[in-house]
Amino acid sequence: MRVQSGGMHVQVGGMRVQVSGMHVQAAGMHVQAGDMHVQAGNMRVQAGDMRVHADRMPANMSDRGVHARGVRKSFDRRSVLAGVDLDILPGEVVGLIGPNGAGKTTLMSCLLGFLHADGGKIAFDGRRSDDLGVRARTGFVPERVGVGRRISGWHFVRYMARLAGVPRAEVDRRVTAMLERLELAGAADRPMSQYSRGMLQRAAICQALIHEPDYLFLDEPSSGLDPNGVLLVRDLIAEQKRRGAMVLLNSHQLSEVEKVCDRVLFLRGGVVARAETLRHTDRIVMAVRLLGGKVVTVEGRDDAEIAAAIRRLIESGTDVVEVRPYVADLESIFRGNA
Amino acid sequence: MNGTVVAETMRRHFSSIGFIAYLILLGLIGLFASGFATPGSMWPSLVALLSIITGSAIVGPEFSTGALQLIVSKPIRRSVYLLSRVTGVFACVAIASAVGLGAETAGRLLRGDVPLPWPRMTSMFGGALAASLLVIAMLTFLGSLTRSYFNAAIYLGTEAAMSAVQAVVGMLRIRGEGFGAYLAQHPGVERGLATVDDVLFASVRELTVPWLVRVAVTVAVALALACAAFERREVPYGAD
């Protein structure tokens, strides 16, 4: 065993523990940890002031998924987006968080083609966002739905479904099923001017999901919803993820983002100031609380690797108090970056 | 053209109490006007007014309420959407025009006015349709550049301004002093103003081929410009 202070380094067998000011770079990945990092074979443990600059290999624009590179947008010479990179892969839910004015809505508008980016590239499975084939596979839930006062919920969803390309023979069945799923069937015939904020939001979700989109953009989908509605939205996002859809969630509700997102991008000053992976699809990450309160994370490809890592930690003399699945504390991240 | 948008546009109008009431009013006025010696003397003006009311709402209000963002996220070209909305609105105005013509025809038949003055009546019907299409096209063009109902405000304001300018120019010419003398020597100025007014703000009249061609050209140019502007326009989401 070797111990170094001032950038302390502990090594036990194949395991290394490094404390303070560590910097690891491998295979396109760049990880910085202010506190502690433990590595054993394919397993890594990291904690403290972790900063991930890019948590995956840079994707080609032609690859499957939604990709944005260097997206810039200014309004009246005021830069709102100053070169944003973004990747959403099939079956992935990515959260967009950041303070007001960070550029979240502008980024979503550029991705959806509502705004023309001043620079950079945006590709959906290698195709442009204004490609009609891409739009046929896109669903969008705005924060607020503005519709004609007289139109009923049923007609609104049916109209949107037809525009989205749902075949005439199927549309009525799908509209009925979707309205029932969103618990709007009882109010389907009422004019939407009589809808509450939450009911409007449910109708917006109906129209976004009715054609089973591959690219789903959600802007505060839970705003105005009651607790049942929030749970329903959470379930629907999970369903879309299982189906293989690519979901971008813009929300200020950090607890919701934590629960449904695989990754989170923290936007500040028009750039991605921080990217945090909340759920790994290729490995298991556990948080280990040590005696004295310090928490480290342990990564492994399966339970056996996790168990081996924890055993080595204990055998090295570290006092382990608790082991639980790792979930990033978005509130702390937000406070630290806002 | 997108049938779904055309059908939805028509459905919205025919499910509106205001639109149905306007159709009933048109029918009653058509019946009333059937007693006049001059055929097609009242309802065509009401059809033109209806085209201003319905044409002003083709795209501006949707832009303001945020509904347009949902539309442009769907797989439909913006120009196709715009032209489909125009078609739907024009179809509603054409039906309203048919109600006026039908009511006047019924009134004349009930009064025993035989034979019916078909040439004049059908000419006024065609004139009302052409003028309405021009109004709708102009409002669509202005709506593709503005929000809410500003298109109607600009349209009516410009029309009133054109009339006022022509009146002032005419008065100056009659007085014959200063600029008036210049106008008297150059009648082309007044003719030009009148032509611009007639091209942009055609009033309902009997059909003639030159007028119809002029209306068709203006409509085509207005709609082409509207489509070009709407295709390039940014649609930031969120209501006004």
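What pattern does chain B follow when read along the sequence? Select chain B and colour by secondary structure: the pattern is α-α-α-α-α-α-α-α-α-α-α, with 11 helices and zero strands. Helices here are DSSP runs of H or I with at least four residues, strands are runs of E with at least two, and both are numbered from the N terminus.

This is a predicted model, in which local features need pLDDT of at least 70 and side-chain atom pairs count only at pLDDT 80 or more, while totals for chains, interfaces and linings use all residues. Residues are numbered from 1 along each chain as its sequence is written, and chains are lettered from A and ligands numbered from 1 in the order in which they are written.

**Chain B as a whole**

Keep chain B selected. Its C-alpha atoms fill a box of roughly 60 × 55 × 30 Å along the principal axes. Of its 240 residues, 38% are buried. A residue is buried if 20 or more other C-beta atoms lie within 10 Å of its own, exposed if 12 or fewer, and partly exposed in between, with C-beta atoms placed from the backbone. Two residues are in contact if their C-beta atoms, placed from the backbone, lie within 7 Å. Of the contacts in chain B between residues at least 6 apart in sequence, 81% join residues at least 24 apart.

**Helices 3 and 7 of chain B**

Next, select residues 43-55 and 118-143 of chain B, which are helix 3 and helix 7. Their axes come within 9 Å and cross at roughly 20°. Axes are lines fitted to C-alpha atoms, for helices over the stretch in contact, and angles run from 0 to 180 degrees between N-to-C directions. That angle makes helix 3 of chain B roughly parallel to helix 7 of chain B; angles under 35 degrees count as roughly parallel, over 145 as roughly antiparallel, 65 to 115 as roughly perpendicular and the rest as oblique. The crossing of these two helices is right-handed, a term used if the near helix is turned clockwise from the far one by less than a right angle, with anticlockwise giving left-handed.

Show side chains at the contact. Helix 3 of chain B contributes Pro44(B), Val47(B), Ala48(B), Ser51(B), Ile52(B) and Gly55(B), and the residues from helix 7 of chain B include Met124(B), Gly127(B), Ala128(B) and Ala131(B). By class this contact has 10 nonpolar, five polar and no charged residues. Ala, Val, Leu, Ile, Met, Phe, Trp, Tyr, Cys and Pro count as nonpolar, Asp, Glu, Lys and Arg as charged, and the others, Gly among them, as polar.

**Helix 11 of chain B**

Move to residues 209-232 of chain B, which form helix 11. This helix has 24 residues and reaches 35 Å from its first C-alpha to its last, close to the 34 Å expected at 1.5 Å a residue; the expected span is 1.5 Å times one less than the number of residues. Its buried residues are Val215(B), Val219(B), Ala222(B), Leu223(B), Ala226(B), Cys227(B) and Phe230(B).

**Chain A and its side facing chain B**

Select chain A, which has nine helices and 20 strands. Of its 338 residues, 44% are buried.

Which elements of chain A give two or more residues to the side that touches chain B? In total, 24 residues of chain A are in contact with 22 residues of chain B. The elements are helix 1 (104-112), helix 2 (132-135), strand 13 (138-141) and helix 3 (153-163) of chain A. Helix 3 of chain A gives the largest share, four residues. By class, this side of chain A has 13 nonpolar, seven polar and four charged residues.

**Loops of chain A**

Select Asp189(A), in the loop between helix 4 and helix 5 of chain A. Asp189(A) counts as exposed, with 10 C-beta neighbours inside 10 Å. Leaving out residues up to four places away in sequence, Asp189(A) touches Ser152(A) and Trp154(A).

Finish with Glu183(A), found in the loop between helix 4 (168-181) and helix 5 (197-209) of chain A. Its phi is near 60°, a positive value in a residue other than glycine. Most residues other than glycine have a negative phi. Glu183(A) is partly exposed, with 14 other C-beta atoms within 10 Å.
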